[in-house]
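Subject: Structure handover and notes

Dear colleague,

Please find the structure below, with my notes after it. Could you read them with the coordinates open?

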Amino acid sequence: MIFGGKALRLAAALVGTALLGSALAGCGGNEAKSDEIRIGANFEMTGNTANYGTSTLEGLKLAIKEANDAGGVNGKKIVLVEADNKSEAAESVNAATKLISDDHVRAIIGPATTANVIAESQVASDNKVPVIAPDATAVDVTVENGAVKPWIFRSCFIDPQQGDVMAKFALDTLKAKTAVIYLDNSTDYSKSLAAVFEKVFTAGGGKVLMTEAFLSKDQDFKATLTRLRAANADVIFVPAYYEEVGKIVKQAREIGITAPIIGTDGWDDPKVAELAGAAALNNTYFSTHYSDKDASVRPFIDAFQKEYNHAPNVFAALGYDAGKLLVDALKRAGSDDPEALRKAIEETKDLVVGTGTITMDAQHNPIKQAVILENKDGDRVVVAKIMPSM
């Protein structure tokens, strides 16, 4: 789901190296009490992705509250220490450094976005502090140059899984033989999804007739959509975020495109319906992490609504999952020792969380099924649940 990560890596790593020596040299006095476990929450609470960070933090806080209300973990209370990374990679390094050196946290949950998780990774790894990324779906969050990062984990599925399941859905459920791809050329998220979709769709016997691109914040898509319409493909794949998706769907229908339009979890926001309109969204489908129509997810949704007096979005659900993963690992580790905790996270198997079940694979990614939702007359209906083949 979230959000290009390679461009800022070098700069963030240099910032992290510079900050590490000075910040860790003067360790603060905020030592944890003997009856508490300090966990860091490094999130985008302000800045241009604050809606992702604050929602994820709400879900995380609910999971921690539930654990504490049930008596805590290993006889101790979990204390969540919050830090605002201001939606910036350099500030993510600052926040992680403070959480480790001054607040003495035993693990960090967050940030929400890929670039910010990658930025904090070096600091956390150097200090042997486990990180769980709730929302960051790019492959290189947990694996770099073919090597698994031993201290970095995630609780959401990865970008390639979504490209894989949407290609299968197009082939097997929609019976598509041809496709066109319309991607956001300004995000690694969109480009990686497009690449996997094309690979799997083609391997399954389909043919991609055309690929076109737009840029984030574009407003007028009709010229490109007219070219895509001329290809007369069975399906249009748009792996992008909700702001552009709503406008693309609306404008596609306005110029007479009636083919199914399909996408990924970047669509999972009420803003899509506001921008496109319910009628235009008919015959569109997207993959996401859970459905509020699924009975197994209702306990989380009901608990969240009781706590916050509003319904959770997908980021809140993923934050809750990350919290449940952490609590379970702490229990199985029998300790808040970071190495024991790291090993316990790595060995997670068949853990029931808010959106389903998690088993951690060798690349520190959870094995989770994707849910395919259809937009239908203003509602969203589950049409498939697909496990990845990759």
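A definition comes before the pocket: on a 1 Å grid over the protein atoms alone, a pocket is an open set of points where a 1.4 Å probe fits, with protein on both sides within 12 Å along at least five of seven lines, while a cavity is a set from which the probe cannot get out; lining residues have an atom within 4 Å of a point. This is a predicted model, in which local features need pLDDT of at least 70 and side-chain atom pairs count only at pLDDT 80 or more, whereas totals for chains, interfaces and linings use all residues. Residues are numbered from 1 along each chain as its sequence is written, and side-chain values use heavy atoms, with hydrogens and water left out.

Second largest pocket

The lining of the second largest pocket has 26 residues, and those nearest its centre are Asp 268, Asp 269, Pro 270, Asp 292 and Arg 380. Its space is about 500 Å³, where grid points are joined across faces, edges and corners and the volume is that filled by probe spheres set on the points. At least two lining residues come from each of α9 (271-276), α10 (278-281), α11 (298-308), β16 (370-376) and β17 (379-386). Helices (H or I, at least four residues) and strands (E, at least two) are DSSP runs, numbered from the N terminus.

Annotated span

UniProt, in an unreviewed entry, lists residues 36-372 as "domain: Leucine-binding protein"; its positions are given in the numbering used here, feature names are shortened, and annotations may be inferred rather than shown by experiment. In the model this span is 44% helix and 20% strand, and its end C-alpha atoms lie 41 Å apart.

Nonpolar cores

A nonpolar core is a set of buried Ala, Val, Leu, Ile, Met, Phe, Trp, Tyr and Cys residues joined through side-chain atoms within 4.5 Å. Buried means under 20% relative accessible area, exposed over 50%, and partly exposed in between (1.4 Å probe, protein chains only). The largest core holds 70 residues, of which Leu 225, Val 238 and Leu 326 touch the most other members. Helix α12 (residues 314-333) gives the largest share of this core, twelve residues. A second, separate core has 28 residues, including Ala 170, Val 196, Ala 370 and Ile 386.

With neighbours within four places in sequence left aside, the contacts (heavy atoms within 4.5 Å) of Val 238 include Tyr 182, Val 245, Ile 261, Ile 262 and Trp 267.

Ser 190 lies in helix α6 (residues 188-203) and counts as buried because its relative accessibility is 0%. A polar atom of the Ser 190 side chain lies 2.4 Å from the backbone oxygen of Pro 239.

Asp 184 belongs to strand β8 (residues 178-184) and is buried, at 1% relative accessibility. Its side chain makes a polar contact with that of Ser 186 at 2.4 Å; a polar contact is a pair of N or O atoms within 3.5 Å, where within protein one must be able to donate a hydrogen and the other to accept it, and residues adjacent in sequence count only if both atoms are side-chain atoms. Beyond four places in sequence, Asp 184 is in contact with residues including Ser 190, Lys 191, Phe 214 and Pro 239.

Gln 162, in helix α5 (residues 159-172), is buried at 0% relative accessibility. Its side chain reaches the backbone nitrogen of Asp 265 at 2.9 Å.

Backbone points to check

Most residues other than glycine have a negative phi, and most peptide bonds are trans. The peptide bond from Gly 110 to Pro 111 is cis, with omega near 0°; Pro 111 is in the loop between β3 (108-109) and α4 (114-126). Lys 86 has a positive phi, near 60°, and lies in the loop between β2 (77-84) and α3. The phi of His 104 is also positive, at about 55°, and this residue sits in the loop between α3 and β3. Lys 86 is partly exposed, with a relative accessible area of 42%, whereas His 104 is buried, at 17%.

Lys 324

Lys 324 lies in helix α12 and is partly exposed, with a relative accessible area of 28%. Its C-alpha atom is separated by 8.1 Å from that of Leu 60, 264 residues apart along the chain.

Regards
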